[in-house]
Amino acid sequence: MGEINVAMIGQGFMGRTHSNAWSQLPRFFKPPVSAAMHTVFGRDAAGVQAFAKTWGWRHASTDWKAAVADPAIDLVDVVTPNNMHAEVSLAALKAGKHVACEKPIARTIEEARLMVAAAREAKGKTFIWYNYRRCPAVATAYKLVQSGAIGTVRHVRAFYLQDWADETIPLIWRFQKEGSGAGSHGDLNAHIIDMVRFVTGEEITEIAGAIAETFIKERKLVTGPTAGGIAAGVGGADKTGPVTVDDAVLFLARTSGGGVASFEAARQATGNQNRNGFEINGSKGALKFDFERMNELQFYDATRPRAVQGWTTIMCTHGGDHPYAENWWPDAHVLGYEHGFTNQAYDILRVLGGQEPVVPIPDFEDAYQTQRVLEAAIISAVERRPVSVSEVR
Ligand code: SOE
């Protein structure tokens with residue numbers, strides 16, 4: 001397998017990040033197999049043709065089923081809204097393809113279960129795009145925890161705060177259960193649950209309590225074309241419809257190593273545009289990461305004499321053996337949001353070429369564990385009680 005052909009289903013924001021990743025990859029990495037940008041799928045013929053030209057896809061298609069069934073295709077990259085993750089992934093696995101699907105794995109635990117069951121039977125490999133794992137600083141945090149640098153993990157504080165969802169934003173798919181499954185919870189908590197599971201190497205075992213809130217309960221209906229073709233919500237500019245997902249979800253949890261954790265996802269956290277991160281306090285040290293300063297990792301070494309203890313800012317750039325950083329620019333010529341996707345595309349090709357990824361990459365099985373935590377937190381919020389993650393199967 002010297003070269004694989006990729007078909008990408010979808011052409012929105014994630015379609016752009018993935019297209020950029022596939023095209024940048026060979027300029028910065030030497031994967032064991034290469035990826036050809038074979039076909040991109042979109043609903044609108046003129047739109048998808050223009051997209052293909054801009055981003056370097058060889059073919060444009062308006063028929064995703066044909067693109068997925070095409071014998072020339074090896075890997076199906078799913079970048080649709082969440083309502084199509086299961087349908088497209090199941091069809092692709094059935095057709096014997098490898099599947100790389102955007103996060104969260106699915107809208108619901110039931111859909112995720114079907115996807116995991118299909119992946120277990122399938123010939124193809126599966127991947128989920130949890131891109132923040134592949135920021136060099138987050139991957140460095142993972143390596144430090146693995147090396148024992150912070151000892152036993154006792155406290156985790158994870159947050160993902162955005163502020164884009166004010167009253168002016170209409171009822172797009174992200175505000176409809178049918179389109180997305182959940183609001184900030186599936187969109188943002190999914191990322192930080194994955195990051196915490198990855199960095200600590202522990203599972204979240206129990207939700208002690210959760211709260212979910214929808215601040216803006218009605219939004220203007222969308223007047224133009226809708227992403228994912230989700231028709232509910234389309235109408236005149238003067239009409240409104242109900243928001244059926246959360247704007248914010250917070251929960252407290254226990255981890256498998258005996259630690260305690262808090263998670264917060266918000267779309268109206270004014271002042272935070274795309275701020276995700278964590279603070280992890282262990283018995284020997286601590287780590288802090290904030291995506292708005294994504295090239296830096298804060299490390300506190302509590303084994304040093306108290307007189308000289310303090311936070312150290314590690315620049316996770318070239319020259320320090322930080323995962324992926326060696327492939328990019330010299331010294332502190334820093335990386336951005338898009339690099340996490342290119343780093344992930346590289347790891348997908350490493351796995352398909354029979355090599356280990358630079359750091360572990362989530363497959364459907366792994367992402368299903370994250371989905372179980374999301375589900376347990378929602379049960380906790382709705383039923384106002386502690387929920388063991390083992391209740392969600
Ligand atoms: C919107 O909230 C969004 O694009 C998420 O869907 C992504 O997963 C996140 O990384 C950036 O914000």
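Here is a short walk through this structure, from its confidence scores to its domains and its sheet.

This is a predicted model, in which local features need pLDDT of at least 70, side-chain atom pairs count only at pLDDT 80 or more, and totals for chains, interfaces and linings use all residues. Residues are numbered from 1 along each chain as its sequence is written.

Let's start with confidence. pLDDT is the predictor's confidence in each residue, from 0 to 100. For the protein chain its mean is 96, and 96% of the residues reach 70 or more. Over residues 228-233, though, pLDDT stays under 50. Where pLDDT is low, the predicted coordinates should not be read in detail.

Next, the domains, whose bounds come from an automatic or database domain assignment. Domain 1 covers 3-129, and domain 2 covers 135-336 + 365-383. Their centres, taken over C-alpha atoms, are 24 Å apart. Where they meet, 20 residues of domain 1 are in contact with 21 residues of domain 2 (contact means C-beta atoms, placed from the backbone, within 7 Å). Helix α5 (residues 109-121) gives the largest share of domain 1's side, 4 residues. Helices (H or I, at least four residues) and strands (E, at least two) are DSSP runs, numbered from the N terminus.

Now find the open sheet: 9 strands in the order β16-β15-β14-β13-β7-β12-β11-β8-β17, with mixed pairing. Two strands pair if DSSP finds at least two bridges between them. At the edges, β16 (311-315) and β17 (387-388) each pair on one side only. Strands β7 (residues 153-161) and β12 (residues 260-266) run parallel, joined by 7 bridges. Here R157 stands opposite S262 in β12.

Conventions: Two residues are in contact if their C-beta atoms, placed from the backbone, lie within 7 Å.
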